[in-house]
Amino acid sequence: MNEIISQMPLWVTEWIVFPLVIVFARICDVSLGTVRIILIGKGYKNIAPFIAFVEILIWIVVISKILQNLDKIQYYLAFALGFALGTFIGMKIESRLSLGQRIIRIITSNDYSELIDNLKKHNFNFTTIDATGKFGPVKIIFMIIQRHSLKKAIGIIESCKQPSFYTIEDVMDVKGILPGGKNPGLRSLNPFKR
């Protein structure tokens, strides 16, 4: 590899090859850092130190190259571009992993049987509460689901004809036992079990 680089014109290595290497390395370490921070926030603490090790190792290699070439502005620009792209790509990776749970809070009219039937049909767990809103009696339906099931749940909610609205929030942890001994902790499907 060094032989190939040494045969290239100097401007190619300084303006194209090394800046691209810096961008790629920064994309890797910042993506890892973004995923690490999100995993820590969701309670996946066992895998975070391993990600941190690889992340900082890449960072040290890149920053040492820049410190050896403080007069080259293209390296600074490549460093910044890699940081921006790494943040974006890290968020995309985390989104694809679909880790964690969400709580869906649905507020609907008293005639909510179609929604309940559809939720039961698709095997979603939920709890309903009687409440009163501005226009009279309503039902509040709480669901705690795996994040990868979110689109399916939203599709069910939005396919029902009755007036309703919903909110979605992150859930840090779920613990307990349902009737029949089922554990709603939802962590059993988690590849990064804490």
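**The cysteines, the sheet and its helices**

Tutor: C28 is partly exposed, with a relative accessible area of 25%; buried means under 20%, exposed over 50%, and partly exposed in between, using a 1.4 Å probe and protein chains only. C160, by contrast, counts as buried at 9% relative accessibility. The structure holds zero disulfides, a disulfide being a pair of cysteine sulfur atoms within 2.5 Å.

The model is predicted, so local features need pLDDT of at least 70 and side-chain atom pairs count only at pLDDT 80 or more, while totals for chains, interfaces and linings use all residues. Residues are numbered from 1 along each chain as its sequence is written, and side-chain values use heavy atoms, with hydrogens and water left out.

Four strands form an open, antiparallel sheet in the order 2-3-1-4. Helices (H or I, at least four residues) and strands (E, at least two) are DSSP runs numbered from the N terminus, and two strands pair if DSSP finds at least two bridges between them. Strand 2 (127-133) and strand 4 stand at the edges with a single partner strand each, so one side of each has no neighbour in the sheet. From one strand to the next, the twist averages 25°; axes are lines fitted to C-alpha atoms, for helices over the stretch in contact, and angles run from 0 to 180 degrees between N-to-C directions.

Strand 1 and strand 3 run antiparallel and are joined by nine bridges. Q101 stands opposite Q146 in strand 3, and I106 stands opposite I141 in strand 3. Strand 1 also pairs with strand 4 in the antiparallel sense, over eight bridges, and there R105 has T167 as its bridge partner.

Two helices lie across these strands. Helix 5 lies across strands 1, 2 and 3, at about 15° to strand 3. Helix 6 lies across strands 1, 3 and 4, at about 165° to strand 4; contact here means heavy atoms within 4.5 Å.

In helix 6 (residues 150-159), L150, A153, I154, I156 and I157 are buried. They cover an arc of only 160° around the axis, which puts them on the same side of helix 6; the arc is that of the directions from the helix axis to the C-beta atoms. Their cover includes strand 1 (101-109), helix 5 (113-121), strand 3 (136-146) and strand 4 (164-171). The face of helix 6 turned away from its buried side carries the exposed residues K151 and E158.
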